[in-house]
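Reader: I am new to this structure, and I would like to learn how to read it. Could you walk me through it?

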Amino acid sequence: MKTISNDSTTITIAEAKESIMQKKAVITGITGQDGAYLAEFLLEKGYEVHGIKRRTSLFNTDRIDHLYRDRHDIEKDSALDIQHSELYLHHGDMTDSSSLIRILQEVQPDEIYNLAAQSHVAVSFEEPEYTANSDALGPLRILEAIRILGLEKKTRFYQASTSELFGKVQEVPQKETTPFYPRSPYAVAKLYAYWITVNYREAYGIYACNGILFNHESPVRGETFVTRKITRALARIKLGLQDCLYLGNLDAKRDWGHAKDYVEMQWLMLQQEEPEDFAIATGRQYSVRDFVNAAATELNMKIRWEGEGVEEKGYWVKGSGKSEVGSGNPISHSPLPTTQSPIVQVDPRYFRPTEVETLLGDPSKAKEKLGWSPKISFEELVAEMAQEDLKAAECDELVKRNGYKTMAYHE
Ligand code: NDP
Ligand code: GDR
C-alpha cells in the first residue's frame, strides 16, 4: 500500500484523496423550509447535494428553484465554462424503502440529513397512521438502508428530532436530559424516530445524531404554521385582501428561532468526533399573542382582538385562547357589539385534542461543546417574516387591482 508521510502522520493515498474529495450529502425533505436553507448552506460549503423530493401533482420546488439548474442548461453552461451549483434531485418517498435504498446506493453519501416528515402537529391528529409511517418508520428505513448497503462506517446520519418530544413539560427549561412526554401522533412518531436513531448508534456503531430542535421559522415557513399564518394574514389584512385572522390557542408559548441559524447547527452536529444529541433553542419564550403583537407593530397596525371590551357581557374572554365563555353565551362567532369587527378571532377548530402549552429550551450544551448560539433575534425574525409577507401581499394586491385572480386563501 502506497503511503504519504510527514514527521507526525502517515496516511494512505486513498485516505489523502478522500480528505480532499468533495463531500456528498443527501437531504430528505429538501423542498421544505429547513431543506432549502440547509441545501444552500451545504452548497456554499462546497458539498455535492442530493435532495429527495416526492412526487406531487403540482410543482413543489419553489423554495429551492434558485439553487437548481436544469441539466440541459448545465450542458450549455459547461460549454461556456459557467460554474453551476452541485444540486441533484431524486424522486423518493419516506414510505418507500426501495426508492431510499436505490438513491443511497447510487449517491454513497458521507452525510444524510433526514428532514422529511409530515411535520404539522394538528394534521397528525387527522392522519395519525400516515404520520407514523413517514415520521417513525421513515427514519428506520434510512437507517436500515445504511446497514443493507454496508455504509455504517462511511455515512453519518442526522435525525430531525423535535421539542414536541417534551410535550407536557416535566422540567423548565427543557434540555437533552429532560424526560419526554409526547402529546400528539406527530410527537409519538418522532419519539420512535429519536430512539431508533439512538439504538442504531449503539447497536451498529453508526454515526447517528438527534437534533432536538425547538420551533424555528423564516419567510419560507409553511403557511399553516402559526407564525407564518400570522405574518401572512396581517400583511393581507393591511392591504385589504383579507378581513380577519382566525387562530386557536393564543396562550401557547414557544421558543422561536430562525431556520437559518438552526441548519448550521444540523451540520455542526455531524462534524464532531463522536455522535451526540443536542437541544437547539434560543432560551427565550413568547406566546402566540405576543407574536401577533410583534408582527402588528412591525406592520404599523393596531390589532382589534375579538371580545375586546366586552368581557363583562360574557362573550369571548379577551384573548383567553380557550373555548370557555364568561357566562354561558354562544361561544363561536357570536355577533360582537363593537362598531368595528375584530381583526383577530379565536376559532375553536384550531384547538388541538391535546396541546403543548409551553416550551422553552436550554441550548447550553450546544453552546459549550459546539460553540453555537443563535445570531438572529426574535424581533429580527418577526420583522423579516412580516416584511416579506407584505411584499408578497403587495404583489397580490397589484394583480387584483388589475382585474386578475390571486391565489385562493386557505388557512
Ligand atoms: P416542512 O414541513 O417545511 O418540510 C417537510 C419536508 O418533508 C418537505 O420537503 C416535504 O415535501 C417532505 N415530506 C413530507 N412527507 C414526505 C414523504 N412521505 N416522503 C418524502 N418527503 C416528504 O418542515 P420543516 O422544514 O419545518 O422541518 C424539517 C424537519 O424538522 C421535519 O422533520 C420536522 O418535523 C422537523 N422539525 C421542525 C421544526 C420546525 O420548527 N421547523 C422543529 C423541530 C423539528 P413537500 O414539500 O412535498 O411537502
Ligand atoms: P408546533 O407549531 O405545533 O409547535 O409545531 P405551530 O406553529 O403549528 O403551533 C404553535 C402553537 O400555536 C398554536 N396555535 C396555532 N397553530 C396553528 N398551526 N394554527 C393556528 O391557527 C394556531 N393558533 C394557535 C398551536 O396550538 C401551538 O400551540 C412546529 C412544527 O414545525 C413541528 O414540526 C415541530 O416539531 C415543532 O414546531 C417544534
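Author: Gladly! Let us start with one residue: leaving aside residues up to four places away in sequence, I27 touches G35, L38, A39, V49, G51, Y113 and L115. Two residues are in contact if their C-beta atoms, placed from the backbone, lie within 7 Å. This is a predicted model, in which local features need pLDDT of at least 70 and side-chain atom pairs count only at pLDDT 80 or more, while totals for chains, interfaces and linings use all residues. Residues are numbered from 1 along each chain as its sequence is written, and chains are lettered from A and ligands numbered from 1 in the order in which they are written.

Reader: Which residues have the most contacts inside the largest nonpolar core?

Author: In soluble globular proteins, nonpolar side chains tend to be buried together. A nonpolar core is a set of buried Ala, Val, Leu, Ile, Met, Phe, Trp, Tyr and Cys residues joined through C-beta atoms within 7 Å. Here the largest one has 64 residues, and I27, A39, F157 and I280 have the most contacts inside it. Helix 7 (residues 185-204) gives this core its largest share, 9 residues. Another core, of 27 residues, lies apart from it and includes L247, W256, V292 and A386.

Reader: Which residues of helix 4 are buried, and which are exposed?

Author: A residue is buried if 20 or more other C-beta atoms lie within 10 Å of its own, exposed if 12 or fewer, and partly exposed in between. Helices (H or I, at least four residues) and strands (E, at least two) are DSSP runs, numbered from the N terminus. In helix 4 (residues 97-107), the buried ones are L100, I103 and L104. They lie on the same side of helix 4 because they cover an arc of only 95° around the axis, taken from the directions from the helix axis to the C-beta atoms. The face turned away from that buried side carries the exposed S98, Q105 and E106.

Reader: What do the buried residues of helix 4 pack against?

Author: Their partners are strand 3 (24-28), strand 4 (48-53), strand 5 (87-91) and helix 6 (128-148). Just after helix 4, Q108 takes a positive phi of about 50°.

Reader: Which residues come nearest to ligand 2?

Author: A residue is near a molecule if its C-beta atom, placed from the backbone, lies within 6 Å of it. Of the 22 residues around ligand 2, the nearest are S119, T162, V226, G248 and A252. Helix 5 (121-126) and helix 8 (226-238) each supply at least two residues of this shell.
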